[in-house]
Amino acid sequence: MNAIPDAILHAFTLLFTGDPDLWRIVWVSLKTSIAGLVLATPPAILIGYVVAMRRFTGRRIVIWLAQAALSLPTVLIGLLLYLLLSRHGPLGGLHWLFSQPGIVFGQCIVALPVLLAFTLAAVQGLDPRYAETAIALGASPMQVMVRVLHEARFGVMAAVLSGFGRVISEVGCALMVGGNIEGETRTITTAIALETSKGEFAQGIALGIVLVTLALLMNGALMLLQGDAHTIRERA
Amino acid sequence: MSISINSQITAAVYENANESQLASQRDERRKALLGVRGLRKRHGERLLFDIDRLEIATHSAYVLTGMNGAGKSTLLRVLGGLERAEIDSLRFAGEDVLRAHPYPRALRRAIVYVHQHPILFSTSVGDNIGYGLVVRGEPPAAVRPVVEEAMAWAGVAHLRDTAPARLSGGEKQRVALARAKVLQPRLLLLDEPTANLDGAAREQVIALIPTMVEAGSSIVIACHDRDLINLQGVQRLKLRDGQLEVR
């Protein structure tokens with residue numbers, strides 16, 4: 001009956017004594033998630049902006065696919081990447097399967113639709129006269145994009161934070177592409193799944209606390225940003 | 001209220017000039033800045049307007065009137081290169097620019113359109129006014145004095161570092177005019193610049209318009225405002241039943 005309180009106590013001990021195994025897992029998670037996000041953000045923002053601003057054939061299909069991709073289970077993305085990166089797959093020559101670059105690639109693919117859909121919504125929600133005003137004042141297409149993204153920055157930042165939330169908390173893709181190799185590709189979520197299956201709850205709980213703390217920090221930052229945005233709108 | 005544009009300009013320009021010089025200057029003044037033939041705009045199946053001919057002369061001011069929905073704003077947006085329309089012939093400063101629609105950068109720099117409710121970027125008032133110069137690659141040292149001068153001209157110097165969200169409607173309109181003025185546009189298109197402004201703010205905005213013509217711009221103002229329509233020296237255009245009447 002004391003197993004759960006003992007596990008919780010042990011979890012806090014692991015956290016506050018700086019257990020190297022635990023913090024290595026956290027480090028791998030943060031490193032791969034941030035790298036995936038950094039790679040996905042520029043193209044996703046660019047595509048989101050273009051889809052929001054331009055009218056072209058197939059635009060609605062792009063929006064439909066991006067929104068549908070939001071609800072794709074990450075384990076399915078993991079399966080597709082596994083097939084691509086496996087020795088006989090088209091990208092097998094990269095030798096990324098069961099490696100950190102493989103996880104980064106996977107996180108990048110997982111983050112893309114979130115970043116794209118949220119950026120699209122942020123730019124579409126902006127008054128079109130911002131872009132027109134920049135154009136009317138002589139801005140080049142690139143300068144118009146910079147201006148519009150600056151005006152939609154709260155929404156774009158929300159997109160980045162949501163993308164980070166999605167990649168740090170997903171398990172399916174990291175497990176299938178990374179392979180959960182200790183010290184190399186074991187992430188917070190894959191470690192929780194493994195430790196729980198072994199009946200070892202302490203490390204899982206400790207990693208869960210790290211995830212919850214990250215989620216709270218992310219959402220706190222998002223609320224602060226949204227608060228700023230609302231204040232600015234109310235003043236206007 | 002009556003503000004004379006032409007009398008102020010002519011007093012300065014024609015002083016000590018002989019008759020022939022006067023005539024040539026008058027011709028110069030009448031030179032067409034913008035000439036449009038066969039301008040049609042449709043919203044779906046509906047023909048919004050079908051303008052046979054429109055000419056905007058250099059150093060001139062026009063008011064464009066018409067009922068709500070007549071297409072005044074749309075016409076300004078088309079002339080400003082922000083909206084497409086069917087056009088048979090389009091000349092600007094003597095050059096055929098029809099194939100350049102939507103406008104290339106050089107033409108955009110000559111024509112500035114200001115919205116009815118101007119959009120100010122979420123930077124300071126000073127940065128808003130200098131935006132057009134900055135995107136043209138002007139160095140900050142050159143932008144600063146021009147912005148200072150324009151803020152003084154528009155009476156918004158005390159608002160230099162203020163966030164636009166804190167400005168009143170009249171202040172926003174004056175900042176938008178200053179932002180357009182620093183670009184020294186050859187053609188300035190103002191969409192209802194005094195709409196929704198109270199008496200004092202309206203008069204401040206109206207007082208700025210003649211000085212912009214004096215500075216060398218031609219101006220087309222879409223409006224319902226009697227004081228703007230009755231400005232002395234201003235030519236009147238009216239959109240009625242899809243046709244443009246010159247009065």
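Predicted model: local features only at pLDDT ≥ 70, side-chain atom pairs only at ≥ 80, totals over all residues.
**Figure 1. Surroundings of Leu189(B).** When residues up to four places away in sequence are not counted, Leu189(B) touches Leu76(B), Leu79(B), Gly80(B), Ile111(B), Tyr113(B), Val114(B) and Val220(B). Leu189(B) belongs to one covered side of strand 7 of chain B, together with Leu187(B) and Asp191(B).

**Figure 2. The open sheet of chain B.** Six strands of chain B form an open sheet with mixed pairing, in the order 6-7-8-3-9-10. Strand 6 (111-114) and strand 10 (243-246) of chain B stand at the edges, and each has a single partner strand, so one side of each is left without a neighbour in the sheet. From one strand to the next, the twist averages 20 degrees. The secondary structure of chain B as a whole comes to nine helices and 10 strands. Of the 247 residues in chain B, 43% are buried. Among contacts in chain B with a separation of 6 or more, 72% are accounted for by residues 24 or more positions apart.

Figure 3. Strand 7 of chain B, residues 187-191, pairs with strand 6 of chain B in the parallel sense over four bridges. Within this pairing, Ile111(B) has Leu187(B) as its bridge partner, and Val114(B) has Leu190(B). Strand 7 of chain B also pairs with strand 8 of chain B, residues 218-222, in the parallel sense over five bridges. On strand 8 of chain B, the bridge partner of Leu188(B) is Ile219(B).

**Figure 4. The interface between chain A and chain B.** In this interface, 17 residues of chain A are in contact with 19 residues of chain B. On the side of chain A that touches chain B, the elements giving two or more residues are helix 6 (129-136), helix 7 (141-151) and helix 11 (201-235) of chain A. Helix 6 of chain A gives the largest share of that side, six residues. By class, the residues on the side of chain A that touches chain B divide into seven nonpolar, four polar and six charged.

**Figure 5. Packing of helix 6 against helix 7 in chain A.** Two packed helices are described by the angle between their axes and the distance between the axes. The axes of helix 6 and helix 7 of chain A cross at roughly 145 degrees and come within 9 Å, and the crossing is right-handed. Helix 6 of chain A makes the contact through Tyr130(A), Ala131(A), Ala134(A) and Ile135(A). Helix 7 of chain A contributes Gln143(A), Val144(A), Arg147(A), Val148(A) and Glu151(A). The contact of helix 6 of chain A with helix 7 of chain A comprises six nonpolar, one polar and two charged residues.

**Figure 6. Two non-glycine residues with positive phi, His95(A) and Ala93(B)**. His95(A) is not a glycine, yet its phi is positive, about 55 degrees. The residue lies in the loop between helix 4 (74-85) and helix 5 of chain A. His95(A) has 12 other C-beta atoms within 10 Å and is therefore exposed. In chain B, Ala93(B) has a positive phi of about 50 degrees although it is not a glycine. Ala93(B) is located in the loop between strand 4 (86-92) and strand 5 (95-96) of chain B. Because Ala93(B) has 15 C-beta neighbours inside 10 Å, it counts as partly exposed.

Definitions and conventions
Residues numbered from 1 in each chain as written. Chains lettered and ligands numbered in written order. Pairing = 2+ DSSP bridges. Axes fitted to C-alpha atoms, helices over the stretch in contact; angles between N-to-C directions. Contact = placed C-beta atoms within 7 Å. Nonpolar A, V, L, I, M, F, W, Y, C, P; charged D, E, K, R; others polar. Left-handed = near helix turned anticlockwise from the far one by under 90°. Buried ≥ 20, exposed ≤ 12 C-beta atoms within 10 Å, placed from the backbone.
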